[in-house]
Amino acid sequence: MSSQEPVDLTLGDFLRACRARVRPEDVGLPGGGRPRRVPGLRREELALLAHVSVDYLVRLEQGRATRVSAEVLQALSEGLRLRPDEHEYLMRVARPPRSAAATRPPPQRVRPQTRQLLDGLSEFPALLLGRRMDVLAWNPLGAALLADFGTLPAGRRNLVRLAFTDPTCRALYADWATAARECVAYLRMDAARWPDDPALTELVDELSAKDDDFRRWWRDQRVRARAFGRKRFQHPVAGPMELDFQALGVGDDPDQTLFVYTAEADSPSAEALRFLAAWSAGPHRPARTRLRGDGPPA
């Protein structure tokens, strides 16, 4: 993939990947009992579920059908049992904007009110994430948990890049493969929103060249919206922690989310988080937020 070209997002690749992940018995079809040459649903089975002809489905997967109707996309989504975020991705890759201006993102800015909110979340690790999982701002406990972002060059303040290229960050996750694979799914979701983002293309190119896992997981076509979840950490200072995270919308910018980590009350993880907060408030205190004008590339 050339860094001068947008990331390759095609409806056919996504449909084939989703078809391969659905078993006939999952959607009420007989398995047949005979070995299958390919995993998942056959084309004729998905065509039956979506009430379209097999020929039309072939044309969709080969990129020979344009401006697919919302009704057909809804039927395909239901046939494939897609989650809401997967359905959103399907709609975006099937019906991309006609204007190039609509696919190139504007610069990323951090509002002063958002910085104030981050500073006020002293008991919880928190990050402000932008497009591509760029870390736009953070609080001291967020830096103590994940990385001292203030010491990193602006271009390296990206959770996907750190997960795949930084050994310290890789060791931080008790289940690195799951965490890193989720990062790739988040990144692909962003790519559907801004397919002509040159910084995203550069990131995908870089990690595809450097890491076999990233390259394989990017081809898997899995997508996920940043919403909520749980991660297990093996922190070098605070020890093992199991933290929940929530991604909260920020103002009127759909590309920015506030990631806040919490621990179950009165749990060993909560105690470890309190210890980390005390440690981060001492001589090892990380920078509070990014310096003005020193954020990641837009």
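## Aromatic cluster and ring pairs

Phe164, Trp176, Phe214, Trp217 and Trp218 form one aromatic cluster. Rings of Phe, Tyr and Trp (its six-membered ring) pair if their centres lie within 6.5 Å; planes under 30 degrees apart are stacked, over 60 edge-to-face, and the rest tilted. The model is predicted: local features need pLDDT of at least 70, side-chain atom pairs count only at pLDDT 80 or more, and totals for chains, interfaces and linings use all residues. Residues are numbered from 1 along each chain as its sequence is written, and side-chain values use heavy atoms, with hydrogens and water left out.

The count comes to 12 aromatic pairs. One of them joins phenylalanine 233 and tyrosine 261, edge-to-face, at 6.0 Å centre to centre and 70 degrees between the planes. Phenylalanine 233 lies in strand S3 (residues 228-235) and tyrosine 261 in strand S5, so this pair ties together parts 28 residues apart in sequence. Helices (H or I, at least four residues) and strands (E, at least two) are DSSP runs, numbered from the N terminus.

Tyrosine 261 also pairs with phenylalanine 259: the ring centres are 6.4 Å apart and the planes at 65 degrees, so this pair is edge-to-face. Phenylalanine 233 and tyrosine 261 are buried, and so is phenylalanine 259. Buried means under 20% relative accessible area, exposed over 50%, partly exposed in between (1.4 Å probe, protein chains only).

## Arginines over rings

Arginine 170 lies over tryptophan 176, at 3.8 Å from the ring centre. Arginine 188 lies over tryptophan 218, at 4.1 Å. The rule asks for NZ of Lys or CZ of Arg within 6 Å of the ring centre and within 35 degrees of the ring normal.

## The cavity

A search of the whole structure finds one cavity of 30 Å³ or more. A cavity is a set of points on a 1 Å grid where a 1.4 Å probe fits but cannot get out; lining residues have an atom within 4 Å of a point.

The lining includes Met133, Tyr173, Lys231, Phe259 and Tyr261. Helix H10 (176-193) and strand S5 (253-262) each supply at least two lining residues. H10 gives the most, with three. The lining divides into nine nonpolar residues, no polar and one charged.

## Helix H1

Helix H1 (residues 11-20) is mostly covered, with seven of its 10 residues buried. Among them are Leu11, Phe14, Leu15 and Arg19. The buried residues pack against helices H2 (43-50), H3 (54-61), H4 (70-79) and H5 (84-94), where contact means heavy atoms within 4.5 Å.

Terms used
1 Å grid on protein atoms, 1.4 Å probe; cavity = no way out; pocket = protein on both sides within 12 Å on 5 of 7 lines; lining within 4 Å. Points joined across faces, edges and corners; volume = space filled by probe spheres on them. Nonpolar A, V, L, I, M, F, W, Y, C, P; charged D, E, K, R; others polar.
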